[in-house]
Amino acid sequence: MGLMPAIKKVTSEIVVLLLIFGFSADYYFEVSALPSRTINLLLIQPVFMVIAISTIALIFIMVRDALRSSATSVSVQSSPTKDVVAAALSDSSAGPVDPHFIKNGIAFGVCTLAYVLLLDRLGFISSSLLYLSILIYLLGGRSFWLTVVLPIAVVGFLYVTMSILLKFPLPQGFLI
Amino acid sequence: MVEFSSLWAGITLLGDWQVILMMVLGLLFGIITGAIPGFSTPLAISVMLPVTFSMEPLAAIVFLTCIYAGGNFGSSISAILINIPGSPQAIVTGLDGYPMTRQGRGNEALGFAVASSAVGNLIGAIFLILIMPLLVKFALSFGPPELFLVGVIGLTVIASLHKSFLKAAIAGAFGVLLGTIGMTAAGSTRGTLGFYELLDGVPLIPALIGLIGFSELFLMLQRTYVAGSAASNASQGRQDLTQLLRGFKQTFRHPFTLLRASTIGVLIGGLPGAGGTVASVVSYNEGRRYSKNGANFGNGEPEGVINAEAANNASEGGALALMLSLGIPGGLATAVLIGGFMLQGLIPGPRLFLDNPALLYGVMSAQVFASFMLLFFGLLVSFYAAKIIQVPTVVLIPLIALFSIVGTYAVKLLMFDVYIMLVFAAFGIVLRKFDYPLIAVILGLILGPILDGQLMRTFQGAGELSLSIFLNRPMSLLLLGILALSLLPLMIRLVRGHLKNKETVDG
């Protein structure tokens, strides 16, 4: 395998590294341009150097390992999903992997984003009830208890605890 | 020496019914969530963090530390019953606990775990009360250069945490940069991207909840039940109270094992980055060496459970001592606990001990009382354990998500904090996917402002910045020695890795 295919194999890892490095570099140059440069850069300069050197070294090692592994053996091709699954399994617990992971992941992400955006527009009670019911349904909960009773109980508990007992003003929108 | 007047004042504060209630609730919440695989102790603390905002400081801190204590024990329940530890620190408990379950002695193993956890926790708490004044006295002699070095030592933990040093270094350094965002002492604004909400820095609580809690939900999404079908096997004879009590009583026939394991736990728990997992592994190995039943370790030997659990729970005392006296989080759980202190306007460190001795003695004494409570609530939850570990993710994930979002909002009543939490959640998912250690970023976030401030004070005090500032101060020199020692394992690992690599290429 040549250099480019080897780099392709670790592209996503390199992209993440470059994003972290890019943000750090942008931050470093922003601070460099500030008045009292010496004081502002006291810590940031060495820390940025650590990131820069480590990024270069890590990219070099990743490409080298990719080249080596392709040269020595026919490795099993991994996919991002497999990587996530493997990482999760090696994490701390090892239950069976849900085959609907990607669908569930998208459902969770979209529902959560929508909930956060609607929270202060619709109001806490209505948006939270919708969020819980829809999310539980999309994740596979079908019973009346799970999709209706549980959300009402949880949202009711949170409302009573936060808003009435602890006097936290929860977001209020045009609904409740 | 222990200040008995402050100690007594602290104990008196615990007489408040609200504090007692919070201890009970914290322990129960910690044990129950700890028993659910995937619901790690840091996650449990982070979910409850915002709830403590409106509480009195003592009730709030005691609530969180009791979740910590409960979670340390709770994670052993699923390790024993289904061989899936609730948190990594219970992995070793499963080595003998699960074989005992397979032999039909699961409840006996739980009895051993409850008793040894409570004893470990108690010894850890006593150690904490005794050692704190000494550590504080030591820390009070520190000036800015020493405080800077303490922060650096805290960061070197990162090196020992992860198989890839480079990834850990990048994550830690990036965390430090994030920690310096906001208004500087020189009056400049750094990295706020125009958001005035970031002038005070990246809000720590939303960042912690996003990185630790919310990102973990994506891992949970991969499973229908975190515990899986193995949980149903755990129900065999689950309500055998006699067996539970037998294990409980027999634990106290091993006083030396309990003492040795707890001592190991306390000492290792006090090392930054080591934590309960390392403590239980070392204690288990030592236990196998000393026990006359050493050959039976791994095959359902009760002493194995005692060694692992006592050390795991005692490590909490060491970790709290480090966190309270120097403000260094030894691990994820103590990092989130620092967030709990900050929510109450308290900064862990030697000054806190001087300014609020009664409060701190109250927190430490609460751990002693929590140990006795753990005996009762541990048995109670163990009795119904098989039902708890079977909570499906379809229920767990939406509930944790809702609590995290509402909790994040409740801290400052700002939707901006919720957006920050989601940004850090996304960042956490990426870090987990590519195997970067989350604790490194969190340590950086917490230690970044400390390092920045102390380095600036060092510079201003000396008018320059050079190594001689650190070499000319005896305490700094000592800390530099500790720093070198803490980097030694990394150096050895790098050299070994290099040699191994060379052998592979040559071969």
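**Exercise 1. Determine what share of chain A is buried, and describe the chain's secondary structure.**

Solution. Buried residues (20 or more other C-beta atoms, placed from the backbone, within 10 Å of a residue's own) make up 26% of the 176 residues in chain A. The model is predicted: local features need pLDDT of at least 70 and side-chain atom pairs count only at pLDDT 80 or more, while totals for chains, interfaces and linings use all residues. Residues are numbered from 1 along each chain as its sequence is written, and chains are lettered from A and ligands numbered from 1 in the order in which they are written.

Next, count the elements, taken as DSSP runs numbered from the N terminus (helices: H or I, at least four residues; strands: E, at least two). Chain A has 7 helices and 0 strands, in the sequence pattern α-α-α-α-α-α-α.

Finally, consider contacts (C-beta atoms, placed from the backbone, within 7 Å). Of the contacts in chain A with a separation of 6 or more, 61% join residues 24 or more positions apart.

**Exercise 2. Describe the side of chain A that touches chain B by element and by class.**

Solution. The contact draws 59 residues from chain A and 58 residues from chain B. On the chain A side, the elements that give two or more residues are α2 (11-32), α3 (37-72), α4 (80-91), α5 (101-122), α6 (124-138) and α7 (144-165). The largest share, 12 residues, belongs to α3(A).

For the classes, Ala, Val, Leu, Ile, Met, Phe, Trp, Tyr, Cys and Pro count as nonpolar, Asp, Glu, Lys and Arg as charged, and the others, Gly among them, as polar. This side of chain A has 39 nonpolar, 14 polar and 6 charged residues.

**Exercise 3. Characterise the packing of α3(B) against α15(B).**

Solution. The axes of α3(B) (residues 41-48) and α15(B) (residues 332-343) come within 8 Å and cross at roughly 10 degrees. Therefore α3(B) is roughly parallel to α15(B), the term for angles under 35 degrees. From α3(B), T41(B), P42(B), I45(B) and S46(B) meet L332(B), A333(B), V336(B) and L337(B) of α15(B). This contact has 6 nonpolar, 2 polar and no charged residues.

Key
Contact = placed C-beta atoms within 7 Å. Buried ≥ 20, exposed ≤ 12 C-beta atoms within 10 Å, placed from the backbone. Axes fitted to C-alpha atoms, helices over the stretch in contact; angles between N-to-C directions. Parallel < 35°, antiparallel > 145°, perpendicular 65-115°, else oblique.
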